[in-house]
Amino acid sequence: MKDAASALDRVDRRILALLQGDGRMSNLALAQAVHLSPTAVLERVRRLVREQYILGYEARLNPHKLGASLLVCIEVLLDRSSPEAFERFKEAARERPEILECYLVAGGFDYLLKTRVSDMEAYREFLNKVLLTLPGVRETRTYVVMEEIKNTQALQVE
């Protein structure tokens, strides 16, 4: 069975790379960059969206200008490892705007969270009034980020 990435040709991969770098790139500029007609490029982009290679478009915002300067990673251990406990935690985590990313992981804890808040006081309030009250949370470990070395969602496509 052919894997999904191998179904892409060189032009598809170039389109993905260009759009990943600038999601606002016009269809005309994209067509010129890949040496195809605007109509052909538009059809390829539509297909890439339809086949879910492209999941959407969004602006990257500056958290420092928007009062979310403190980046915190948190390990969460639940009190039970059951499908119901996992589902209740997932539903609650999805509702919290401070939680940017939430991963179910294998290892010594259940979930890894990436959160953003304004400062340490806001984090303490989030921890005590929100996180520790989420369904099934038994224990947390907090890691405050001192410096962001690399922050990207870009995938290697070429």
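Mentor: Start with a strand pair: strand S1 (residues 70-78) and strand S3 (residues 111-117) pair in the antiparallel sense over seven bridges. Helices (H or I, at least four residues) and strands (E, at least two) are DSSP runs, numbered from the N terminus, and two strands pair if DSSP finds at least two bridges between them. Within this pair, Leu71 is opposite Arg116 in S3.

Trainee: What should I keep in mind about the model itself?

Mentor: The model is predicted, and local features need pLDDT of at least 70, side-chain atom pairs count only at pLDDT 80 or more, and totals for chains, interfaces and linings use all residues. Residues are numbered from 1 along each chain as its sequence is written, and side-chain values use heavy atoms, with hydrogens and water left out.

Trainee: What is the order of the strands in the open sheet?

Mentor: The four strands follow the order S2-S3-S1-S4, with antiparallel pairing. Strand S2 (99-104) and strand S4 (137-144) are the edge strands, each pairing on one side only. On average, neighbouring strands of this sheet are turned by 20 degrees against each other, direction ignored. Axes are lines fitted to C-alpha atoms, for helices over the stretch in contact, and angles run from 0 to 180 degrees between N-to-C directions.

Trainee: How many bridges join S2 to S3?

Mentor: Five bridges join these antiparallel strands, and Leu104 stands opposite Tyr111 in S3. The hairpin of S2 and S3 has six residues between the strands, and there Gly107 takes a positive phi near 135 degrees.

Trainee: How do I read the burial of a strand?

Mentor: In a regular strand the side chains alternate between the two faces of the sheet. Buried means under 20% relative accessible area, exposed over 50%, partly exposed in between (1.4 Å probe, protein chains only). In S3, six of the seven residues are buried, so the strand is mostly covered. Helix H5 (residues 120-129) lies across S1, S2, S3 and S4, and runs at about 20 degrees to S1.

Trainee: Is Lys114 buried or exposed?

Mentor: Lys114, found in strand S3, counts as buried because its relative accessibility is 18%. Leaving aside residues up to four places away in sequence, Lys114 touches Leu71, Val72, Glu98, Ile99, Leu100, Glu101 and Asn151. Contact means heavy atoms within 4.5 Å.

Trainee: How is the packing of two helices described?

Mentor: Two packed helices are described by the angle between their axes and the distance between the axes. Helix H2 (residues 27-34) and helix H3 (residues 38-50) pack at an angle of about 100 degrees, with their axes 9 Å apart. That makes H2 roughly perpendicular to H3; angles under 35 degrees count as roughly parallel, over 145 as roughly antiparallel, 65 to 115 as roughly perpendicular and the rest as oblique.

Trainee: Which residues in H2 and H3 meet?

Mentor: Asn27, Leu28, Leu30, Ala31 and Val34 in H2 meet Pro38, Val41, Leu42 and Val45 in H3. The residues of this contact divide into eight nonpolar, one polar and no charged. Ala, Val, Leu, Ile, Met, Phe, Trp, Tyr, Cys and Pro count as nonpolar, Asp, Glu, Lys and Arg as charged, and the others, Gly among them, as polar.

Trainee: How do I find the buried side of a helix?

Mentor: An α-helix has 3.6 residues a turn, so residues three or four places apart point the same way. In H2, Leu30, Ala31 and Val34 are buried. They cover an arc of only 100 degrees around the axis, which puts them on the same side of H2; the arc is that of the directions from the helix axis to the C-beta atoms. The buried residues of H2 pack against helix H1 (10-21) and H3. Exposed Leu28 and Gln32 sit on the face of H2 turned away from its buried side.

Trainee: What should I note about phi values?

Mentor: Most residues other than glycine have a negative phi, and most peptide bonds are trans. His35, in the loop between H2 and H3, has a positive phi near 60 degrees, and is exposed, with a relative accessible area of 71%. Gln52 has a positive phi near 65 degrees. Gln52 lies in the loop between H3 and S1 and counts as exposed at 58% relative accessibility.
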